[in-house]
Amino acid sequence: GASLPSSFVNDGVCDCCDGSDEKDGRVECANTCAAEAKAALGEVERQITMIKTALAERATCATRGQQLIDDDRKKIAALKDEELAGVISSRAKTEKQIALLKEFKSVADSYAQENSSENDGKLNEGSDEQSDETFHEPDHFQEHGYDDLYAEHMDDDERDDYEDFDDDLYEAYDPNTAHQRAQELKESKENDGQKGEEDDGTSSLTAEDCMEYKGDEVPESGGLLGRLSSLFKKKSQAAHHGGDVDDGRHVAMARGKIASHCITLLEDRERRELSSIESLKRRLSEMEAAAELPYGDPPVLRALKETSVRQALGQYEFEHRPFDTVLQYEHGRRIADLGKFESLTEDESSNGITLHYTNGAHCWKGPKRSVAVT
């Protein structure tokens, strides 16, 4: 039974549930012991139920948290070993292919330089007043010139190809304008019915075509290398008055023409691959840092990440996004960012956990906001 001070006995107040403290008959006390016991038992049972529910929820969160951590690790591995490794491998192949194409272009450029030197020499010879060849040149050669004369002996299709062919084949490559050049090529291809500056057929080549190009005929191009070689051969024959020319030279020139177009496309592709690599590396770093957060053992707190709790307090509402941020609202409108997740601390005596958020929005004429959530 309960103990009471003597002054509480027969003082007219029923202190004991059974009224045993009032025996002088001045007041009649009802026996409430059974009702109070029942209420106390009900409260104990309520608390037991709450604890059981909390423990069950904790166990569920622990299981869910471990599953999420396992998924995080799988995603990190997939990003690192598949997606990132794939782009790195692709970039290495692109770099290797560009190097091969530059070799083709270098050979073609050297031939173009030789042709230019030869033509300059012929022009100098033709300007010599003592040259018998020039003096005795037939009138129709002087009137039309060698190239026009050669074109007269072509059929209609050959003449069209010959006249449309671009003499300025090898512009100096400027890496600072490569992206613009690639964009121009793309826009040229999108303009149906319009001929772009790559009217020789190279404009139809895609980056994928260029990746497969090894110096021989381009698949699905309708014999592009052969057509370009033929055009180069005709130009060479015209320059040599229709005589024999070196077949290897005009094939190399055609190969260089294709390579010149492909270098522009693939260097643009390589820039995009490098940008993708940097983006994936940043994403990987963020994912690895998130995977190392102190979620507990078992990792109950991992199940709370990517969830949110919103609660009213006075005129304000606060939204907690665990391991991310805490936001403040007024009348449904967000008014402040109270901070980004900084750290987690544990109180061993109470087994409590506190999440610390810092570097929030500035207070009015004050420091940046911060908040701790327990």
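Residues 126-155 keep a pLDDT under 50, where pLDDT is the predictor's confidence in each residue, from 0 to 100. For this stretch the model has 28 contacts beyond four places in sequence, a contact being heavy atoms within 4.5 Å. This is a predicted model, in which local features need pLDDT of at least 70, side-chain atom pairs count only at pLDDT 80 or more, and totals for chains, interfaces and linings use all residues. Residues are numbered from 1 along each chain as its sequence is written, and side-chain values use heavy atoms, with hydrogens and water left out.

**Confidence**
- The protein chain has an average pLDDT of 78, and 70% of its residues score at least 70.
- Residues 192-198 also stay under 50 in pLDDT, with nine contacts beyond four places in sequence.
- Where pLDDT is low, the predicted coordinates should not be read in detail.

- The whole structure holds 17 salt bridges, each a side-chain nitrogen of Lys or Arg within 4 Å of a carboxyl oxygen of Asp or Glu.
- Aspartate 268 forms a salt bridge with arginine 271, with the closest N and O atoms 3.6 Å apart, and another with arginine 272 at 3.4 Å, N to O.
- Arginine 271 and aspartate 268 lie three residues apart in helix α9 (residues 247-291), a helix being a DSSP run (H or I, at least four residues) numbered from the N terminus.
- Aspartate 268 is buried, at 10% relative accessible area, whereas arginine 271 is partly exposed, at 33%; buried means under 20%, exposed over 50%, and partly exposed in between (1.4 Å probe, protein chains only).
- Arginine 269 and glutamate 273 form a salt bridge at 3.3 Å, and both are buried.

Conventions
Helices (H or I, at least four residues) and strands (E, at least two) are DSSP runs, numbered from the N terminus.
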